[in-house]
Amino acid sequence: MKSSPRWSPAVEREMARRLFGSIVEGMGTVLMRSAFSPNIKERRDYSCALFDARGRAVAVGDHMPVHLGSMPAAVRQVLRSVPPAAGEMVAVNDPYSGGTHLPDITLVAPYPARARRPRYYLANRAHHSDIGGAHPGSMAPGSREIYEEGIILPPVRLVRHDEPDPDLLRLLLANVRTPREREADLRAQIAANREGGRLLQEMEQRLGRARLAAWSFDTIRHAGRIVRSFLREIPEGSYRATEVLEGDGVTADPIRLKVCVRMHRGSIQVDFGGTDPQVRGNINAVEAITRSAVYFVFRCLVREEIPFNEGCFDAIEVRLPPGTVLSARRPAAVAGGNVEASQRVVDLVLKALARALPGRIPAQSSGTMTNLTFGGVDPRRGGSFTYYETVGGGMGASKLRAGLSGVHTGMTNSLNTPIEALEQALPIRVTRYALRPGSGGKGLHRGGSGVVREFEALGETQAALFADRHRHGPAGRQGGGEGARGGAWRVRGGKLAPLESKSRLTLRPGERLRIATPGGGGWGKAPRRI
């Protein structure tokens, strides 16, 4: 047997980062190519990750930031309650068991697949465009309990003896509006975990179990060192900020979020004390979501290439008083907290850190995912359809450059759905898709422009909008101007009727829904013209 080659520690760390990253990226490729729904196949609303035998994240793919800190919580819950045995995979979507919101189903598999004592776990999470509940798409504003939002999966064995459990699958598919699409997407998730196992086996055969285990331990420790090194760059002190969410979908009352970031001797505490209590509507977020947003902020601020894993989390203390809108307790409805509260937490923590690192923090980006769901009966084919997408906006400008236009920012890393794919799959016609000129905030560097996207219903369609930043535009930084606010309208007979940022409506054939997303804030004072 040939001896394994020896490399320097720095070379081994970089090889580990790239090799572990290639596993989760390979899983994502299989999931994307195998999925049926446009939301996963086109928008790529999924994430993949690799965990060690103790449930510590070894590698989390650069897929969906809102899943970064929440997927480890789901895997830990699975290992505590229903650890997958040989030939099994465990599914969970319960937000109070490490999930985010009900449409996100996480699937956890052991590696090796047939081993009694797994050495690793593979997991992926995908957003399903319907999981049941009161409204098509399972993402409408207005629900007051999680039971209204869809079927809840505590950790359950979805796969037994290497095949989907037929009884559980029938139960799940009986509670959704588009069972064929849901089954196809679930099977894509199963295929993604199997691909991760294949790639991991190939790596073990090439490098050996002992070296791979050492690399997984070292890459976690190395990420922690990088984050702690960055934290020492932040001046000591306490930095406070406040942000507001524009209603909960039941009332339009503002919801205040507060944070205090404390730096002391290289350690950091992010304290959300003083944040408003959980609300009646479904803008609430569970703790895992808030943690994801905090971890995302610090990952963005670290200049060095960093393997995203458990080491990034260990260096940051997050304090969340229970029962707030950012740490909701069952049975609070949470569909919108995953998408909108998470965006505002990013704005909130960056705003606080801007007092400590004024040159490093960009102006605010659009600050909303602008979530849209459609559903009904397809008049072209018969049968139900459901659809979900987010619409990009303007990126905030920075000290170095202007903001990008028409992109997804913050806690979403998804793409747009191409018009051709959308119109082929749904009885919906896209009548306008363009940038909003002038919607970026003014400044030395201008904020990116938002988007105008307009949809025409070809049959009676139930639609829902879950957005924010319709009353207050994204703030500029260092004297830069505010980005334009978002807006939404029903277009009927050529007349525009404005909609609230959190709305449910029925579109008749020929009626249109027009969405305008916020622009990004500007950075620095614009030079005076002579």
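Which residues does Phe298 touch, not counting residues up to four places away in sequence?

1. Phe298 touches Phe230, Leu231, Ile234, Ile268, Val270, Ile316, Val349 and Leu353, where contact means heavy atoms within 4.5 Å. This is a predicted model, in which local features need pLDDT of at least 70 and side-chain atom pairs count only at pLDDT 80 or more, while totals for chains, interfaces and linings use all residues. Residues are numbered from 1 along each chain as its sequence is written, and side-chain values use heavy atoms, with hydrogens and water left out.

2. Phe298 is, with Ile234, Val270 and Phe272, among the residues touching the most other members of the largest nonpolar core, which has 98 residues. Such a core is a set of buried Ala, Val, Leu, Ile, Met, Phe, Trp, Tyr and Cys residues joined through side-chain atoms within 4.5 Å, buried being under 20% relative accessible area with a 1.4 Å probe and protein chains only. Another core, of 27 residues, lies apart from it and includes Ala35, Leu50, Tyr111 and Ala126.

3. Tyr111 and Tyr120, both buried, form a tilted aromatic pair, 6.4 Å centre to centre and with 50 degrees between the planes. Rings of Phe, Tyr and Trp (its six-membered ring) pair if their centres lie within 6.5 Å, with planes under 30 degrees apart counted as stacked, over 60 as edge-to-face and the rest as tilted. By this rule there are 6 aromatic pairs, and ring pairs also link Tyr295, Phe308 and Phe313 into a cluster.

Key: Buried means under 20% relative accessible area, exposed over 50%, partly exposed in between (1.4 Å probe, protein chains only).
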